[in-house]
Amino acid sequence: MSCKHYKNSPQKYYKIISFATFVGLLYACSTTKKVPEGEYLLTKNTLGFEDKKEFFDEELKDYIQQKPNKKQFLFMPLSLLLYNMADPKYDTILNEYMTYPGEMRNQKLRDSLFLKYDMKSSVGKSLLFDRLLHNWGTPPVILDQTRSEKSAESIKKRLTYRGYWDADVTFKHTLDSASKKASVNYSIKHNEPTRIKDYFYNIPDQGIKGYYNYNLNRSLVRSGQILDQTVLEREVTRITDLMREFGFYRFNASNDEVYFVADSLKSRKQVPLTLEIHKDSLDTPYKISTFGNIDVAIVDEPGDYPKNTKKDSLRRIRFHTMNDKYKLSSIWRAIIPDSKKVFDQTKLDVTKRNLLAMNNFSIVKARDSLRQGGMSSPNDSIVDVLYVLKPLPKYEFKLGTDINYSQVLNLGISPSVDLTTRNVFRGAENLSTSLSGTFGSIRSTKDIDKRVAAYEISAQASLNFPRLLLPFNYYKFIPKRYTPTSSILLGASIQNNIGLGRLIFNTGLNYQASVNDQVYHKLTLFNTQVSLTKNKDAYYDYFVNDGRVKDEVFGNYFMFDPETQQTGQDYKDGKLSVDEVSKKIIENDAYRASLNQQGTDLLTAFRGTLVNKDRQTQDVLISSMIYNFVYSEIGKKEYPNAFYFNGKVELAGNILSLFNKKDNSGGIVTGPQRTIFGLPYAQFVKFDIDTRKYFRFNGNQTLVLRQFIGVGIPYGNSQDMPIIKSYFNGGSNDIRAWVAFGGLGPADSQVDERVRTYMTDNLKLTTNIEYRIPFNKTYEGALFTDIGNTWSLRNYNDGYGDEFKFNKFWKQVGIGSGFGLRLNIAYITARIDLAYKIYDPNKPEGDRWRFKYFQPFKPTLNIAFGYPF
């Protein structure tokens, strides 16, 4: 902020400084209002490390027994401030008042407390405001020095648990008598850790020993490692899950069959470690179990099984039903265990997932147990399984309103009406129908510095099947455990967003399969979209900036020679249309050769407007096949540094090219295209790759790296990618220093921004780096840098400078950086990001780095919900 700026607006900054000073004084004075004399408000705990920090040190904060009041509003303890606002003379009464059950808290109780504490003048007072402040607030945390000592002991125990047996932990209080505040500093010295000298295992059971040896390379424990108990716990869990997968029913169920013994008699630094696996003190042999009876009951009420059900069976699964509302085959597909096959715990887990995913049942009971009399042979290794299911209501109706953000519509409100009809054809099929709208604002095509109202209204229907819709048995190559499903989609939407708006009709057939919790496949066998543009003749009414470029070029052209002057007169007389004149200008080689550099740049921009016009007003039919593969470790505890990969391939137009073909007349700068039912169809292949890597450190801080690569290759009947399948820059989930359709790209094109704003392209590279810093459970800060742009694969439009070249693309990316705040409320994350342009490739050479134009009070504001990636 320059002095000149301050001098020009002294009142504005005076108000800001005064307000900040007032808030600071209020905060400083009010937090200790109810701290008794001689006591101290605990304001901060700090951890200091005398030697190097370890990766787990952030978790040591959890072992401090006394923590300061939580900070919420403007990083101040709002709950403490509320508590302090209540009248102090009522604190004792209200504290006792809240110990009574809710049904007893009334005026009679309050009056009795007033009399108890000799406050007869307060009898009859409701104390509503004070009670609200007490309920919403929290009392000040008064320093308890004995708890600091216990905290130090807890921290030391945790360090020992982590393998640092000789760690030292001390603490020191910093007391400020004047302000009645205190802080505690814990000083930690790890010292040398205790390591595993040799690793042994004692497993008397030869079957268990054989399976363990076979998977020994997956062990988490190695000689030379720090003797970290958390690692040993994870190893016990791994062994338990492994043995249950191999058929050992309820292996280590009481959590006392697998344990480690460390021999520290000779040394505290190099300790031999032995893994022990014993079923009991007698080392009774383990047995591999098999599935016995698999029973599935479908009942109206839990008490209906078994007395009100009739028995049936299908492929070794016994069904118990009260009616024939559901085909047995539809339920059979969800049940993974099979009678007389080796027991596997994961099959039970997947079955639960399958039943819930069907969205037709609630699971009243899911029980697996040894067969009656199973303590002795032969029943001691037969596991019977029972599922009791209760159908969900036939119809489910929902009304909702969401606040959302999209790259096109910005912040908007989305009312919706949804109806789910279950079990449509008795095979657990669900029909989901919805009518929804999104209403918001977009960047105006008439003035790119303004926003105008926009909307999207859509109607969608989806018929979901808990199986693959195929004319043959597919279970040999797609097992039931993959939870294969199908869906048929049909929808229509009307959009009034960029310029003219569109009518879009879509339909598709999708197949999905989940290999496990990380891997997901989706195949869209056919995805058909029909995009119809509204108000084509009003193009220049909506895209006013394109119209201004057109008028300037027309004016220059009509003055070129007598022939073009006659063209101008014909245009004014209505004998020639705008498109006809535009085509004459593009095809006039003599006029183009006569232009100077300024005129050539203007003609290039004009050609860009024509490309925009052809693409924005194009009606197109897209029929494609899409394959989507997702691998995600996000949200899995076993993957703290999660990895995410989403790859998609789309192939469009090949089937349509086999039908009868008829050419249309084409556009001004695009050639004729073959059509079906009067609509040109698109042909292209498109690849999208989205990879993300999350690094967690210092406890809960996260560094996220994201790389997006998108390539669309038009061919055959398409010279360019359809605009609804093309790439653009900007928005809250992309390069945040530019708004969506905000003028970045393509490449380092110098085409007039008024035209470039709405240009899209068929190759996109975007790199995002974000560092997330939680302040507390509610607030989280972020620092980020976004890098990327769009390009053409080849020079489709001479003069644009938008083609991708390996030797220069890295100089053509836009770079934006900034910071953000996330607010976590319940299950919703609200996000505000402030971004600044660092490098703008669309500016002239020598003027692309934007530091000298930096305006801290004029960032690009992004408001959204959820993380950007």
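**Two helix pairs**

Visitor: In what crossing does H15 pass H17?
Guide: H15 passes H17 in a left-handed crossing, meaning that the near helix is turned anticlockwise from the far one by less than a right angle. The helices are DSSP runs (H or I, at least four residues), numbered from the N terminus.

Visitor: What kind of model is this?
Guide: This is a predicted model, in which local features need pLDDT of at least 70, side-chain atom pairs count only at pLDDT 80 or more, and totals for chains, interfaces and linings use all residues. Residues are numbered from 1 along each chain as its sequence is written, and side-chain values use heavy atoms, without hydrogens and water.

Visitor: At what angle do H15 and H17 pack?
Guide: Helix H15, residues 578–587, packs against helix H17, residues 597–616, at about 135°, and their axes (lines fitted to C-alpha atoms over the stretch in contact, with angles from 0 to 180 degrees between N-to-C directions) are 11 Å apart.

Visitor: Now H3 and H6: how do their axes cross?
Guide: The axes of H3 (residues 78–85) and H6 (residues 128–136) cross at roughly 155° and come within 8 Å. H3 and H6 are therefore roughly antiparallel to each other, and H3 passes H6 in a left-handed crossing.

Visitor: And which residues meet in that pair?
Guide: Ser-79, Leu-82, Tyr-83 and Met-85 of H3 meet Leu-133, His-134 and Trp-136 of H6.

Key. Angles under 35 degrees count as roughly parallel, over 145 as roughly antiparallel, 65 to 115 as roughly perpendicular and the rest as oblique. Contact means heavy atoms within 4.5 Å.
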